[in-house]
Amino acid sequence: MERHCIRCGKPICGRADKKFCSDDCRSDYHNEIRRREEKQLRKVNCILSNNWRILAASMREGRSTVSVSELSARDFNFGLFTASSRRFPGKRYFWCYNYAYRISRSGKVHIISRPGP
Ligand SMILES: [Zn+2]
C-alpha cells in the first residue's frame, strides 16, 4: 500500500513508520501545529489578562463587590479562570491568578485577593 506525506500528500518511500516525505515537510508540519497552539494560548492569555485587570481595578478602587452586569459590560469573560475552589459549602470561588470571585444569587460578584509572589 502506498503511503503519503501527511503534510503535502506526496508518496513516501523508505521506512514503514515514516510520515513525511522530507525534513522540510516534517518541520513545516510541527511548526504549523506550534503556531496554532501559540495563537490559541495568546487568545486565552489575553482573556485572562483582561479579567485580571478588571478585578485588579475594582479592588484598587476599593470595590470588592460589583455586579455581574457591570463586569460583563467591561468584557469580563466568566468562562475562563485559572482555578476554582470551594471555601464554604455552596460557595464556589473562581480564581484569576491571585484574585478570586464568587457570584451570589443576587448577581453580585464578591472579589477577594491573596498577596502576589
Ligand atoms: Zn511532504
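**Exercise 1. In which strand is the place of Arg102?**

Solution. This is a predicted model, in which local features need pLDDT of at least 70, side-chain atom pairs count only at pLDDT 80 or more, and totals for chains, interfaces and linings use all residues. Residues are numbered from 1 along each chain as its sequence is written. Helices (H or I, at least four residues) and strands (E, at least two) are DSSP runs, numbered from the N terminus. With that numbering, Arg102 belongs to strand 6. As the next step, consider its surroundings: Arg102 has 19 C-beta neighbours inside 10 Å and therefore counts as partly exposed. The class follows from cut-offs on C-beta atoms placed from the backbone: a residue is buried if 20 or more other C-beta atoms lie within 10 Å of its own, exposed if 12 or fewer, and partly exposed in between. Not counting residues up to four places away in sequence, Arg102 touches Lys91, Arg92, Tyr93 and His110, where contact is defined as C-beta atoms, placed from the backbone, that lie within 7 Å. Finally, Arg102 and Thr65 are 37 residues apart in sequence, while their C-alpha atoms are 9.7 Å apart in space.

**Exercise 2. Examine the positive phi values of Tyr97 and Asp75.**

Solution. Most residues other than glycine have a negative phi, and most peptide bonds are trans. Against that background, Tyr97 has a positive phi near 55 degrees, in a hairpin of strand 5 and strand 6 that has two residues between the strands. Tyr97 has 18 C-beta neighbours inside 10 Å, so it counts as partly exposed. The other residue, Asp75, has a phi near 65 degrees, again a positive value in a residue other than glycine, and lies in the loop between helix 2 (68-73) and strand 4 (83-88). Asp75 is exposed, because it has 10 other C-beta atoms within 10 Å.

**Exercise 3. Is Ala16 buried or exposed?**

Solution. First locate the residue: Ala16 lies in the loop between strand 2 (11-12) and helix 1 (23-60). Next apply the count: 6 other C-beta atoms lie within 10 Å of Ala16, so Ala16 is exposed. Its C-alpha atom is separated by 8.6 Å from that of Arg3, which is 13 residues away along the chain.

**Exercise 4. Describe the chain as a whole.**

Solution. The protein chain holds two helices and seven strands, arranged along the sequence in the pattern β-β-α-β-α-β-β-β-β. Its radius of gyration, taken over C-alpha atoms, is 23 Å, well over the 13 Å that the globule rule gives for 117 residues, so the chain is more spread out than a compact globule. That rule is 2.2 Å times the number of residues to the power 0.38. The C-alpha trace spans about 65 × 30 × 30 Å along its principal axes, and 12% of the 117 residues count as buried. Among contacts between residues at least 6 apart in sequence, 37% join residues at least 24 apart.

Methods. Pairing = 2+ DSSP bridges. Contact = placed C-beta atoms within 7 Å.
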